[in-house]
Amino acid sequence: MVNKKEASAVLSARKKKESAFAVLKHREDFPILTQKVYGKPLIYLDNAATTQKPKAVIEVLSRYYSFENANIHRGIHYLSQKATDTYDEARVSVQHFLNARHSHEIVFVRGATEGINLVAQSYGRTFLGSDDEILISAMEHHSNIVPWQILAEQVGAKLKIIPINDDGEILLSEYAKLLSKKTKLVAVTHISNALGTINPIETIIRKAHETGAVVLIDGAQSVPHMAVDVQALDCDFFVFSGHKIYGPTGIGVLYGKEKFLEKIPPYQSGGDMISAVSFEKTTYNKLPFKFEAGTPHIAGVIGLGAAIKYVSQIGLDRIMDYEQELLNHAVRKLSKIKGIRFIGTAREKVGIISFVLGDIHAHDIGTILDQKGIAIRAGHHCAMPLMERFQVLATVRASFAFYNTKEEIDQLAEAVQFVLEVFK
Amino acid sequence: METAELRELYQELILEHSKKPRNFHALEHATHTAEGFNPLCGDKLKLYLELKNSSIQDIGFEGSGCAIFRSSASMMTVAVKGKTKTEAEKLFSEFHKMLSGNSASYDKTQLGRLAVFSGVNEFPVRVKCATLPWHTLNAGLNQEARTVSTE
């Protein structure tokens, strides 16, 4: 006869197990994770650089090229119609994923970088002029710095930097001071690829709008880790890359409010983005095609659609909760290592950990970790100004996805400890 | 859990030179200087040479970077100090051959202690860390105006 205390303990343990994130089950969806490197199991902790792909995405790509491949739009044959339907469906999937009002506010580009370049050159060249100001934060990725530097030079605008504190958080008070009637555009990352900081973009967007500035949000590192609602955020432009959210490389999304996309000129030109062409006059196509010149990365779009479907089925909220568990576990384990210094200690973070270890160079750490099958990234993470801000040459960055386990993190901590021993 | 390759790469000699690099200072009376930069890794180097009658009277370096880079720079300065320009260039050629990725035969006896870097071949990404000081030396000896980079 089981006593009541034991019974309730068993029941609560079972409940915990049921509601626990089924990481091992999800892992099985990713063929690459069974691989061995140097005879050791692959421990892939470089997800901020790119994510691995589930069978669902790989199979869709394979099926497309095996049975469905054709050029889309205005094709008169069966395959072309089929490909067009799948392609258009994917656009609608992205629209729903971001909760955009219209599917024609979704423009397919190569990645977040191209999206930002498009806005800088198309919106920026049209609406920004000399003495106008562009605000970006001190933690931006080069893709959200250089296009604005180039734009500023082209139109005579000024680029101003929103400072961050030593924890890697944007100083909102300083941001407020920088905002003025001269500010025409604010470009900020949703989540820092180097620090893992989640920025208070709702506040940033609201304050920018009060001053009459438009806002572009770089969502490359946020869409894989949290639900994004562009209408709720009220951002004017939003970009993300497919390969960071378990989709193919070479595909990304620019979301832009209809009212802006309608007003700005095309970015690239050629076929598909036109309505009619003659040597006397050419007219442009309607949204979103105005911004999609040439044959698109059809397979990429379809693969992205499959990736979004896959992730949505698991649920981004559950993914976020689990990844927070991984983050906490990692911080706990790594903090015990003598001489470790975390770069990026914001209160609100995702599973991205950058650190330095005494005066051991990041590349030496990276090589030793690599030999143990652990894939991390060592370097400046395309954020040289940020590295300078923290006065480090480079950091080691471990970035988690929902298919990583606590055991893998334990291995990481052990390996970092081993590095210390090598360099003693 | 040490792998043989790791032991070979981060062996005693390399770690020692990395911790206590030799000739790690500027030269007041430098006749030639050269700068090197590895953008991939962030290795940065300023090399100082005192050349007299085509021979390297003195050599020093300043800079920062990974252990492979630091030890390579340190051991290089020890190897070329007192040598003629021609001898130093020959050493560069042999060192480069050793790390060229193919099994080209290099003069192991001539390289002496420098042969310890042959282990870097197992880590192609790190070869540039080892060769940067030598490329910079080459630039300094031939007084090229640009900053040397291994990219």
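**Ground rules.** I am working with a predicted model, where local features need pLDDT of at least 70, side-chain atom pairs count only at pLDDT 80 or more, and totals for chains, interfaces and linings use all residues. Residues are numbered from 1 along each chain as its sequence is written, chains are lettered from A in the order in which they are written, and side-chain values use heavy atoms, with hydrogens and water left out.

**The sheet.** Pairing here takes at least two DSSP bridges between two strands. Strand 1 (residues 32-38) of chain B runs parallel to strand 4 of chain B, over two bridges. I noted that B:Gly36 has B:Val148 in strand 4 of chain B as its bridge partner.

**The interface.** Next I checked the contact (heavy atoms within 4.5 Å): chain B brings 21 residues and chain A brings 15 residues. I found one salt bridge across the interface of chain B and chain A, with a side-chain nitrogen of Lys or Arg within 4 Å of a carboxyl oxygen of Asp or Glu as the rule. The side chains involved are B:Arg126 and A:Asp364, at 2.8 Å, N to O. Helix 1 (4-9), helix 2 (12-19) and helix 3 of chain B (helices being DSSP H or I runs of at least four residues) each supply at least two residues of the side of chain B that touches chain A. Helix 1 of chain B gives the most, with three residues.
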